[in-house]
Structure formats: C-alpha cells, structure tokens
Amino acid sequence: MAEHCVGDASSLCCVSREAAVASWALGAILAVLASLIIAANVLVAVVLLCHIHKSGSKGLCFVLNLALADAMVGFTVLGLAVDELSQPFHPSQKFCILRMAFVTSSSAASILSLILVACDRHLAIRKPFHYFQLVTGLRVGLCLLGLWLVAAVIGFLPVFIPRFQRVSNHWKCSFFNIFQPSYVLTMFCFGFFPALFLFLYLYCDMLKIASVHVKHIQEVQQAGLGGSCPPSRAISDMKAMRTVAVLIGCFTLSWLPFFITSVVQMVCSECFPYKVIENFLWLLALGNSLLNPLLYSYWQRDVQLQLSRLAAAVKRRLLLHLGSGRCFPGRNTKALPTVSCLELQN
C-alpha cells in the first residue's frame, strides 16, 4: 500500500477506514447470503404449497414451515446487511435487542421445524398404517402454533429478562455486543444439545426400523413368496432416513462450531476473538437456512417433480410470449404439450 499511517490522527483514520471496508465486505456477504436464502426458500415454499394443495399431505406442512422459517431468517439477515452497508449507523440499545431477538427467533423456528420434520418422518416409518390417522390438520396446526410460541420465547428471552442484556456503547448492532454470554450458554444447554440428541435418537431408531424391514423383505424373497415385486417399503424407508441423516449432518456442521466456540470464548475470552465467531462461524450457522431448501429439492422426489413442472410452465409461458411477437397476424398458433424429465422417467 502506498498509504502510510503516521501519528495518532492518521492511525485513527486508517483504523476507521479499515473498519469501514470490513463492514462493507461483511454487509455485501450478508446481502448475497440473505438473497440466496430468501429466493431458495420462497421457491421451495411455492412448490410445496402446490403439492400440498394437490395431494392434501399434512406432513409436508412441517417442511413448508421450515421453508417459511428459513425465509424469515433471510429477511432478518437482510436487515443486518443493510445496517452494515449504511455505516456509520448508530442504533439504540432497544433497537439492537429487538433486531437480534427477531434473528434468534427465526433461527430457533428453523431448528424446531427440523425437529418436527424428523419426528414426522420417524412417525411415518414406525407407524405407517396409523400415520394418516395420527397426523391430522388440527394436530399439525397445534404443533406449528406451539413451535412459533417456543421460538418467540427463546428469541425474546433477553427482552423479558434484563440480566441477559449487555449494556454496550458500541456502534455495531451484533449478537455479542447485545446479549450476555449466559444467554448463549442457556441456549446451548437447553436448546442446541437437546435438539441434537433428539435428532440422533430419531435417526438411530429409523436406521433400526429400516434394517428390520430390509431383513424381513430378504427373508420373504429367499422363501420365494415375494415374487418379482420391488421392496418399495424398504426403499421408501431408506430414502426418508437418508434425507433426515443429511439434514442432521448439515445442522450439526453448521451450528456446532458456533456454539462450541461461543462457550469456549465465555471461559477463555482470549482463545477465540468474538469477531471470528460473529463474522465467520455465525455466517456458517446462517448457511444452514440455505442448505435446507437445496437438500429438500434434491432428495425429495415430489419436490423435484413440482419444480420441473413449474420450470416447464414458466418456459412455456415465456416461449408463448416471445412467439406471439414474431407470429404473422391472422395465423393461429398452438403450444405443444411439455413433459418434464421426471415424468418421462416415471
């Protein structure tokens, strides 16, 4: 660099300039991440709404709620990106607390939605014949209502309990500048770890059930009673178990580093600077809201089929719109029927 900082005034100028550049870079990253999160989850939510309307599946409402919660995470992160890009910005203490409370509530709703999705898949595998009797519209609505109430309580806990708040004159509205480390420890002990253990239990139980189904089908086929029928039940169980396993793995890799380093930073404040946790590990945790819709659009065949139909409909409308301007007047045009690749495979 050609610029040299000499003296106290120039040093302060260089520090403020570097802080502005770092703030702008973080704001740009947050803006891109938030835009991707919102776009992916809104697209998956529209596809799921169409599929739920056609099939009437109540269990997919949990997946739809996951997409809506992750989209809300994107909207809250977009607000933080605007704050970073509009520096200097001097928010009040109450504004920062409410802003971070909304971010925490949305993230908690996303994690709780993942738990409900895992529980729904576990119930479908363990009690397949009673699944549609147990998963009714009323019970699904009550579960979703309870989920958002619990998420609101978790996120707005520092608002109700002032000792979880940290009085700071720092200009930046951030998690560690607003909340006490005891709040992070509370969420870690009573939120993250129970959710992780519940995920592991559900996955292990589904693995055991699927292995029993596969063993039973193999015994039937060896006895000559199965004929040439494919083991669709075992395949369905393995797909559901694989989806939940990938979700658990991404959830663990996204949130575990953030919580572990946050707890370590409480014990040893010099081990991990809070900027590393907040600027890098927190972004990794927020990336889980982008991975969820991508995983469901990749693993769920129903979502793939609806996405292909939606893409075919958009392509057909676009071709009709472009073709209408090139057609000669008085000549009738008729669109050819479009069939998606997944429908051809079926």
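User: What share of the 346 residues of the chain counts as buried?

Analyst: A residue is buried when its relative accessible area is under 20%, exposed when it is over 50%, and partly exposed in between, with a 1.4 Å probe and protein chains only; in this chain, 40% of the 346 residues count as buried. This is a predicted model, in which local features need pLDDT of at least 70 and side-chain atom pairs count only at pLDDT 80 or more, while totals for chains, interfaces and linings use all residues. Residues are numbered from 1 along each chain as its sequence is written, and side-chain values use heavy atoms, with hydrogens and water left out.

User: Which secondary structure does the chain have?

Analyst: With helices taken as DSSP runs of H or I of at least four residues and strands as runs of E of at least two, numbered from the N terminus, the chain has 13 helices and zero strands.

User: How are α2 and α5 arranged relative to each other?

Analyst: Two packed helices are described by the angle between their axes and the distance between the axes. Here α2 (residues 60-85) and α5 (residues 137-155) pack at about 25°, with their axes 11 Å apart, where axes are lines fitted to C-alpha atoms over the stretch in contact and angles run from 0 to 180 degrees between N-to-C directions. Angles under 35 degrees count as roughly parallel, over 145 as roughly antiparallel, 65 to 115 as roughly perpendicular and the rest as oblique, and α2 and α5 are therefore roughly parallel.

User: Which residues of α2 and α5 meet?

Analyst: Taking contact as heavy atoms within 4.5 Å, C61, F62, N65, A69 and M72 of α2 meet V140, C143, L144, L147 and W148 of α5.
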